[in-house]
Amino acid sequence: MTIETYYPNLNVKHLLGKIRQEALRQNLAPGGLSAPVPPPPAATGELVLKEDFDREAINNQIDYIEGFIKTAESRAAVRNQLPDKFGRFPWLLFKPLQALALKILNTIFRDQREVNFNLASALRECLQLNRQLLSEVESLRSQSQRDLENLMAVSQSLSGYSQAVEKNLVNNTQNLQEKLHNLDQKWQERQQQNQDELQGEIQELEREMQSQIEQLAQKGDRIANQIQEGLQSQIEQLDQKRDRIANQIQEGLQTQIHHLDRELYQKTEQLQEYLETQIKDSNEKNFQNSHYLKIDLLQQKRLMNKFLEATAGAEGGLASEPAQIFAGELDHSLDAFYFAFEERFRGSREEINERLEVYLPRLREAQIAPVDSLILDLGCGRGEWLELLRDNGYRSRGIDLNRVVIEQCQSRGLEVVEGDVIAYLQSMPDESVAVITGFHIIEHLPFEILVKLLNEAFRVLRHRGLVIFETPNPANVLVGSCNFYFDPTHRNPLPSLMTQFLVQYCGFAEVEILNLNPSDGFKADEVNELDELSKQFNQYFYGPMDYAVIGYKL
């Protein structure tokens, strides 16, 4: 087998003639023969190449190999759909399961795809090198054609010198033929070996892919079974959760019913307590009314007895003294009314006690001894102040004309005497009392009697004695225009500055005014943030409803 077998388009004889001519040209270098070169013998023929060799067959062969490479690259690419064989599995009709199976398939063959991709890339580089080699062969052929043309021109001048080296060229040609034959044989073997290896690898890849597909199908069956089991388990869990939720709803309804029953019970108890409170209040009101009626009946009975005594005395000739007694009893005809009035409008005993506690620090500041000092309360009323003094260890005594309140105070164990405050003070010796108090009494007195009261109080007080008088504050517009006249026995409001001046005029020193009991709508901290007009308005309408004048005997 010669080189012409593999390259039929190559004229070896012409190539050998060209080589001989080139060798003769090299032997005729400077210093060689100088005679003109005879033209080559006609026996050698023209040095030309045949028509273009079958490049199409070589390209077809390369394209065939490249088809295998594309197939391998397509197998190495990441799948975006499952193989047709997976259509046999009905569970893969669900798109989520198809996506899961496709993801598992791509994960399993990831390493194999990388190997296939690298191998296909290497084979493609080999084909690229073959294409470059083919291009270089074509370029070499073109260059050879040009060189042969040049050699034709040279051969005409060097043909005479070819015979000298022909024998040597024949030997070299035989060696070259052998080398070319060996190279061609090695090339064929290498090409065949590469094709066989590539074909074997492709078949091995196909077998591995088939095996992995079968394994994937088995795994898919197992996953389908697991998914089915998981769905069954989830269905059972959902049933259990549904039962638990139903139980919870039932328990919640029972709890709500229990809460509603408890709330209903509580509201029933509250309603019962409210009704009991209303009944108690009604009973208290009925008791108060019956108490008032009883007191009024007792007073009427006493008056009737006095009247009968006065009538009997008149028949016996003693009409003057019983008439005076009966006239004195008439002065107490409104005692029951005034007691009921105070019960209605003055406030509860607890409220009055809380208001009167403001004066206890004044007694301590004046160093009034609790046991040795006598505190005289003028117009003691229901005796709240006397009761507060007794609870704090002070010795006190009350004076009042209302026989009803006197009986109430005495029933509480308080020391209260019946009498006119002026007459009682006049009966006491000088400097015999430590403190004289009067709560809401001075507004009941005419001005002349008030002055006489202050003078007598100054006389009977001892040194550093204390006087306290509390009265409604007419600076509060509502008090001065309306509330003051709730009590029909009030005479006229007393402005605080006038009362302060009067107490000072009667001899007391360090006289101060203590504002008390602001209205519920009045808050000093809020008033301070308002403008001047709003501040004055609040002071006039929501200011202190009472005030006390406090003085010392120095």
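Searching the whole structure gives 6 aromatic pairs, where rings of Phe, Tyr and Trp (its six-membered ring) pair if their centres lie within 6.5 Å, with planes under 30 degrees apart counted as stacked, over 60 as edge-to-face and the rest as tilted. One of them joins Tyr359 and Phe439, a tilted pair with 5.3 Å from centre to centre and 50 degrees between the planes. This pair links distant parts of the chain, 80 residues apart, since Tyr359 lies in the loop between α9 (349-356) and α10 (360-365) and Phe439 in strand β4 (residues 433-439); helices (H or I, at least four residues) and strands (E, at least two) are DSSP runs, numbered from the N terminus.

This is a predicted model, in which local features need pLDDT of at least 70 and side-chain atom pairs count only at pLDDT 80 or more, while totals for chains, interfaces and linings use all residues. Residues are numbered from 1 along each chain as its sequence is written, and side-chain values use heavy atoms, leaving out hydrogens and water.

Tyr359 counts as buried because its relative accessibility is 0%, and Phe439 counts as buried at 8%, where buried means under 20% relative accessible area, exposed over 50% and partly exposed in between (1.4 Å probe, protein chains only). Ring pairs also link Tyr359 and Phe439 with Trp385 into a cluster.

Turning to another pair, the ring centres of Phe484 and Tyr485 are 5.2 Å apart and their planes are at 85 degrees, so the pair is edge-to-face. Phe484 is buried at 2% relative accessible area, whereas Tyr485, at 48%, is partly exposed.
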